[in-house]
Amino acid sequence: MSLIARRLRVKALQWGKMASTEATVDLLAALVRFCKPKIIVEAGAFQGTASLTIAALLEHDDCGGHIYTCDPDPDMSPNIKENELEDYISFFHTTFEEMLPLIPKPIDFFYLDGGDRWKLLELVEPHLRVGALICVDDTLDPDWDGGKEIVELANIQLDKERGLSILQHAEV
Ligand SMILES: C[S@@+](CC[C@H](N)C(=O)[O-])C[C@H]1O[C@@H](n2cnc3c(N)ncnc32)[C@H](O)[C@@H]1O
């Protein structure tokens with residue numbers, strides 16, 4: 001289990017093939033801890049491996065942050081109740097496209113881990129705060145659409161695991 005999830009005692013996390021890896025979750029949590037974003041958004045919750053860990057960190061650090069996450073798969077949802085994290089995470093059983101109009105903005109931190117990466121990045125861009133961090137997972141995995149274009153645009157490209165691209169939203 002990720003070091004941070006274990007230390008914060010997050011329950012019922014899944015670490016299967018589709019889940020964010022332990023190292024990815026630790027890296028995301030460290031960035032959230034450092035940047036203290038208020039509005040955090042994830043596309044693709046799966047079983048909540050990343051989002052529950054971030055929610056537990058938000059509770060621990062008490063910096064006023066909240067994570068909004070979603071997944072259209074009827075079998076996938078984070079175990080929010082068992083972890084008693086209702087004040088720190090909101091889950092929508094919808095696509096990211098459907099969730100976006102319903103959540104507060106501007107977005108300070110975006111974890112893009114589901115759907116067509118390029119399409120969703122274009123969609124979220126007008127709603128990002130200047131300086132917002134965007135972490136896109138699996139950008140080297142040919143199974144996921146839109147990764148190649150994001151790799152070319154990344155401020156930091158981490159070519160480990162399935163590829164993690166980090167971008168910072170600049171003023172246009
Ligand atoms: C790689 S998994 C996400 C892993 C998760 N972030 C974690 O921490 O374990 C990708 C998920 O994205 C979901 N997905 C697919 N299209 C989506 C969309 N348009 N919006 C939101 N989620 C989507 C899938 O149902 C799948 O569960």
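Two residues are in contact if their C-beta atoms, placed from the backbone, lie within 7 Å. The legends below concern a predicted model.

**View 1. Ile54 and its contacts in the predicted model.** Leaving aside residues up to four places away in sequence, Ile54 touches Leu28, Ala29, Val32, Ile40 and Ile67. Ile54 is also, together with Ala55 and Phe110, among the residues with the most contacts inside the largest nonpolar core.

**View 2. The largest nonpolar core, which has 47 residues.** Within this core the most contacts belong to Ile54, Ala55 and Phe110, and the element that gives the most to the core is α3, with seven residues.

**View 3. The shell around the ligand, made up of 20 residues.** Those that come nearest to the ligand are Gly44, Phe46, Ala50, Gly114 and Gly115; the elements that give two or more residues to this shell are α3 (49–61) and α5 (96–99).

View 4. The C-alpha atoms fill a box of roughly 40 × 30 × 30 Å, taken along the principal axes, and the radius of gyration of 14 Å agrees with a compact globule, because a globule of 172 residues would have a value near 16 Å. Buried residues make up 44% of the 172 residues, and of the contacts with a separation of 6 or more, 64% are between residues 24 or more positions apart.

Definitions and conventions. Residues are numbered from 1 along each chain as its sequence is written. This is a predicted model: local features need pLDDT of at least 70, side-chain atom pairs count only at pLDDT 80 or more; totals for chains, interfaces and linings use all residues. A residue is near a molecule or strand if its C-beta atom, placed from the backbone, lies within 6 Å of it. Helices (H or I, at least four residues) and strands (E, at least two) are DSSP runs, numbered from the N terminus. A nonpolar core is a set of buried Ala, Val, Leu, Ile, Met, Phe, Trp, Tyr and Cys residues joined through C-beta atoms within 7 Å. A residue is buried if 20 or more other C-beta atoms lie within 10 Å of its own, exposed if 12 or fewer, and partly exposed in between; C-beta atoms are placed from the backbone. The radius of gyration is taken over C-alpha atoms; the globule rule is 2.2 Å times the number of residues to the power 0.38.
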